[in-house]
Amino acid sequence: MREPISRDARLALDLALTIRHDGNGGAADDLTDPAGLTAWVRAHPEVLPDAGRLTADAAQLAAVRDLRAAVRALFARAVRPGEPSPADAARLLPVPEAVLRLNEAAARTPTVPVLDWPEGTGPDVRHQPVHGGDDLTSALAHAVIAFLASPDRDRLRACHAPRCVRYFLKDHPRQEWCKPSCGNRARVARHHQRHRTAV
């Protein structure tokens, strides 16, 4: 029953997942410096047409980190009534501030209306970015907005396996964790908990 993940959903999730489990019970951040952001963008060439040539600076890093905080706050809202990721639970942005940050980031790329009127159909208007108007945070914000407004949002879940801080899209009605290793950790933790209380 594995449903395909749209480009926008994949990009929004991958941005949120730059905060991940560090392997030692804490959280690691892949975007701690401009080099980390540069590596992440180059691993995601669909973000910008010239992503392979991008070298991030401190201002871009700060803007993307602000956007990511908004995205994780909105993901926490999307998974309600479920609990948010444990990495965010104590420090979520208020939803109105998260929405404002997301919309401000999306507005950084100016667009122009473009008319298309093929023979035999009615006119159609689409909005196209102004040439040279590609902005990293704006491109990411557009993908996040498209994902949050799509039916895929209903499949979004926070993984609650021990030490996991990831969000994921539920592929199967019985899926509870982001990956099999998280399911194994959760079962082992429940097993140990049952044996501790039985003793």
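Is Cys178 buried or exposed, and at what relative accessibility? At 16% relative accessibility, Cys178 counts as buried, where buried means under 20% relative accessible area, exposed over 50% and partly exposed in between, with a 1.4 Å probe and protein chains only.

The views below show a predicted model, in which local features need pLDDT of at least 70, side-chain atom pairs count only at pLDDT 80 or more, and totals for chains, interfaces and linings use all residues. Residues are numbered from 1 along each chain as its sequence is written, and side-chain values use heavy atoms, with hydrogens and water left out.

**View 1. The protein chain and its elements.** The protein chain has 6 helices and 6 strands; helices (H or I, at least four residues) and strands (E, at least two) are DSSP runs, numbered from the N terminus. Starting at the N terminus, the order of elements is α-β-β-α-α-α-β-β-α-β-β-α. The protein chain holds 199 residues, and 39% of them are buried. Among contacts with a separation of 6 or more, 57% are between residues 24 or more positions apart, contact meaning heavy atoms within 4.5 Å.

**View 2. The largest nonpolar core.** A nonpolar core is a set of buried Ala, Val, Leu, Ile, Met, Phe, Trp, Tyr and Cys residues joined through side-chain atoms within 4.5 Å. The largest one has 42 residues, of which Leu37, Trp40, Phe75 and Leu140 touch the most other members. Two or more residues each are given to this core by helices H1 (7-16), H2 (34-42), H3 (58-78), H4 (95-106) and H5 (136-148), and by strands E5 (156-158) and E6 (167-169). H3 supplies the largest share of this core, 9 residues.

**View 3. Surroundings of Phe75.** Residues up to four places away in sequence are not counted here. Phe75 touches Ala12, Leu13, Ala16, Phe147, Leu148, Leu156 and Tyr167.

View 4. A search of the whole structure finds 0 disulfides, a disulfide being a pair of cysteine sulfur atoms within 2.5 Å. Cys164 counts as buried because its relative accessibility is 2%.

**View 5. Packing of H3 against H5.** Two packed helices are described by the angle between their axes and the distance between the axes. H3 and H5 pack at an angle of about 10 degrees, and their axes are 10 Å apart; axes are lines fitted to C-alpha atoms, for helices over the stretch in contact, and angles run from 0 to 180 degrees between N-to-C directions. H3 is therefore roughly parallel to H5, as angles under 35 degrees count as roughly parallel, over 145 as roughly antiparallel, 65 to 115 as roughly perpendicular and the rest as oblique. On the H3 side the contact is made by Ala63, Val64, Leu67, Val71, Leu74 and Phe75, and on the H5 side by Leu136, Thr137, Leu140, Ala141, Val144, Phe147 and Leu148. By class, this contact of H3 with H5 has 12 nonpolar, 1 polar and no charged residues. Ala, Val, Leu, Ile, Met, Phe, Trp, Tyr, Cys and Pro count as nonpolar, Asp, Glu, Lys and Arg as charged, and the others, Gly among them, as polar.

**View 6. Val64 in helix H3.** Val64 lies in helix H3 and, at 0% relative accessibility, counts as buried. Leaving aside neighbours within four places in sequence, Val64 is in contact with Leu15, Leu31, Leu37, Leu136, Thr137 and Leu140. Thr137 is 73 residues from Val64 in sequence, yet their C-alpha atoms are 5.7 Å apart.

**View 7. Leu115 in strand E3.** Leu115 is in strand E3 (residues 111-116) and counts as exposed, at 57% relative accessibility. Beyond neighbours within four places in sequence, Leu115 is in contact with Pro123, Asp124 and Val125. Leu115 and His127, 12 residues apart in sequence, are 8.9 Å apart from C-alpha to C-alpha.

View 8. Arg80 and Pro81 are joined by a cis peptide bond, with omega about 10 degrees. Pro81 is in the loop between H3 and H4.
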